[in-house]
Amino acid sequence: MVSSNNALQSETSIDPLPGMGAIPHADGVAFRVWAPHAEQVSVIGAFNDWQAGADQCVSEGNGYWYANLAHARPGDEYQYHLINGEQQLQRIDPYARVVTNSAGNAVVPALDFFDQPGSDFQMPPWNELVIYELHIGTFNAKDETVGTFDTAIERLPHLQALGINAVEVMPIAEFAGDYSWGYNPAHPYAVESAYGGPEAFKRFIAAAHDLGIAVIVDVVYNHFGPSDISLWQFDGWQENGKGGIYFYNDWRSATPWGDTRPDYGRGEVRQYIFDNAMMWLDDYHADGLRYDMTLYIRSVEASAQQMIVEGWSLLQWINSEVERRYPGKITIAEDLQSSAELTLKHEDGGAHFSSQWDAAFVHPVRTALIEVDDANRSMPAVRDALLKRYNDDAFERVVYTESHDEVANGKQRLVSEIDPSEQPGRYAIKRSCLGAALVMTAPGIPMLFQGQEFLRDQWFRDDRPIDWHRAEEYADITTLYRDLISLRLNRNGYSAGLSGQHTAVYHVNDNDKVIAMHRWQEGGVGDDVVVVFNFAEGRKDHYVIGLPQAGEWTLRFNSDATLYSEQLDETPSGDITAQDEAHDGHAFSAAITIGAYSCLIYTQEK
């Protein structure tokens, strides 16, 4: 079918509809695309036998092209055909919400695609978040095929029982192939088809919300692709052999992942990224965004001498607008430079993130836990990791010992770094559990990586799924994580301080490798929490620590209890009574018994 010019005029005579990409409506589908260097643009698809020129777009000025086609319908596959001089190009819609695959076609979304009702789910306060990072492709893969949103839904009750109240989903934008970490987005607006596509993702979010679990989406704006990207030289224009209108076309294009850094200074590209961020929160009702390696948005080659000012201002724009439009939703930076400016407010010159992954915690803590020789474990380094704050806010950082990056790229799961055996021994179990206690009692937003709660071993790969039989084998370790999370969230009303702003690491013994920490919100019974860590072999009897309050202190958690593993020592720690003897800067003190590589948590009941 070939449309005449008269037919073209009749189909576009009504007022243009707002939006970008394919815009379905009751009388057909409108299309809008940005291609400033194209001389002619037409929509090709199943509705016109893929005939270039059959359904031409009208120039709206400023590089935008528009068509409104009565004979196009939701579910139709389509592309854009562009002419630029001698070049005739076929391109997938940059705003495509649905694609057949990364190298296939765009698909017109359903008429109600943008009208999915949200639930009344409310994001937990950030000081009460416990995040679980997961990868859809490996979280619950079955029958040697890639995992999907629907298979992941089956394991959400496990997370709910564990106490998790937020999942951070590794990138789900359409990428090349079916197996990937997700940090190679080919089509940023389309949900990965191998995972089930957009409708499956909506089901995943609804199921998570029904169980009280927030969903944070990992987004990649420091580069696109580099494979299967129709954005590359989209309308045929480029300079220096670079990527064209969506990318920098000079030295600023270079990233560790290819010459595909978006042009953050170009208004249309800024809008493209901004709209994408809002899409996850608005159309899908996600509860937050985690940005991949923002260091490469705000600088070239991670250099302070090569700052990208417009990248910084883009972050400020998106994050401040997220706060304005969606109060309570969270934005998290992976920057790993311990920069307070990331979470400083826009009006104060900061990037306005809610929180950031904290290298100042994970690296010294992993070093202390992995170290073979007790003498080399630095308690001052652990103290500093516990006390690190940004802008005087304990929750402007995310604390963890495992993430997808920390257990790959030459590094392994914590338990395997300590003991590479398939069946970890006493040292690995004890010190990995000590790490869990550090994460769950430290100031900051705690995060686990999938399978950490049942000692998932080796390193993360996108073709090595979680072994859920291990969850049965190490169910008691999962109980340890559940008990820690319960204390963290004050489920029983006597550990409120673990979600409080205040921390004092008041006992640091680098000779015996013992640390004691006080956590509190307002202070007092039911609030004050005292946490003691032993980073060395050998139990310590009659070990005196200071206490912030008089009275009885009840032992709520002992990581050395055999109820968590038969390989633990069952050191007989117990409740203590504060004595009127000053110690560690406190007016009261008590003697404790603590096992090797163990953590004790004490509170007082009302």
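Leaving aside neighbours within four places in sequence, which residues is Val-544 in contact with?

**Figure 1. Surroundings of Val-544.** Outside four places in sequence, Val-544 is in contact with His-507, His-583, Ser-589, Ala-590 and Ala-591. Contact means heavy atoms within 4.5 Å. Val-544 sits in strand β23, residues 540-547. Helices (H or I, at least four residues) and strands (E, at least two) are DSSP runs, numbered from the N terminus. The relative accessibility of Val-544 is 33%, so Val-544 counts as partly exposed. Buried means under 20% relative accessible area, exposed over 50%, and partly exposed in between, with a 1.4 Å probe and protein chains only. Ile-592 lies 48 residues from Val-544 in sequence, yet the C-alpha to C-alpha distance is 6.3 Å.

This is a predicted model: local features need pLDDT of at least 70, side-chain atom pairs count only at pLDDT 80 or more, and totals for chains, interfaces and linings use all residues. Residues are numbered from 1 along each chain as its sequence is written, and side-chain values use heavy atoms, with hydrogens and water left out.

**Figure 2. Overall dimensions of the protein.** The protein has 14 helices and 27 strands. Its radius of gyration is 27 Å, close to the 25 Å that the globule rule gives for 606 residues, so the protein is as compact as a globular protein of that length. The radius is taken over C-alpha atoms, and the rule is 2.2 Å times the number of residues to the power 0.38. Along the principal axes, the C-alpha atoms fill a box of roughly 95 × 50 × 40 Å. Of the 606 residues, 61% count as buried. Among contacts with a separation of 6 or more, 70% join residues 24 or more positions apart.

**Figure 3. The open parallel sheet.** In this sheet, 8 strands run in the order β17-β16-β15-β14-β11-β10-β19-β18, with parallel pairing. The edges are β17 (355-356) and β18 (398-399); each has a single partner strand, so one side of each is left without a neighbour in the sheet. Two strands pair if DSSP finds at least two bridges between them. Strand β10 (residues 131-134) pairs with β19 (residues 445-449) in the parallel sense over 3 bridges. Glu-133 has Phe-449 of β19 as its bridge partner.

**Figure 4. Strand β22 and its two partners.** In β22 (residues 529-534), 6 of the 6 residues are buried, so the strand is largely enclosed by the rest of the structure. Val-529, Val-531 and Phe-533 are buried on one side, and Val-530, Val-532 and Asn-534 on the other. Strand β21 (residues 514-520) pairs antiparallel with β22 over 6 bridges. There, Arg-519 has Val-529 as its bridge partner. Strand β27 (residues 598-603) also runs antiparallel to β22, joined by 6 bridges. Asn-534 stands opposite Ser-598 of β27.

**Figure 5. The largest pocket.** This pocket holds about 420 Å³ of space. A pocket is an open set of points on a 1 Å grid over the protein atoms alone, where a 1.4 Å probe fits, with protein on both sides within 12 Å along at least five of seven lines; lining residues have an atom within 4 Å of a point. Grid points are joined across faces, edges and corners, and the volume is the space filled by probe spheres set on them. The lining has 21 residues, with Gly-19, Met-20, Arg-97, Phe-114 and Asp-283 nearest the centre. Helix α6 gives the largest share, 5 residues.
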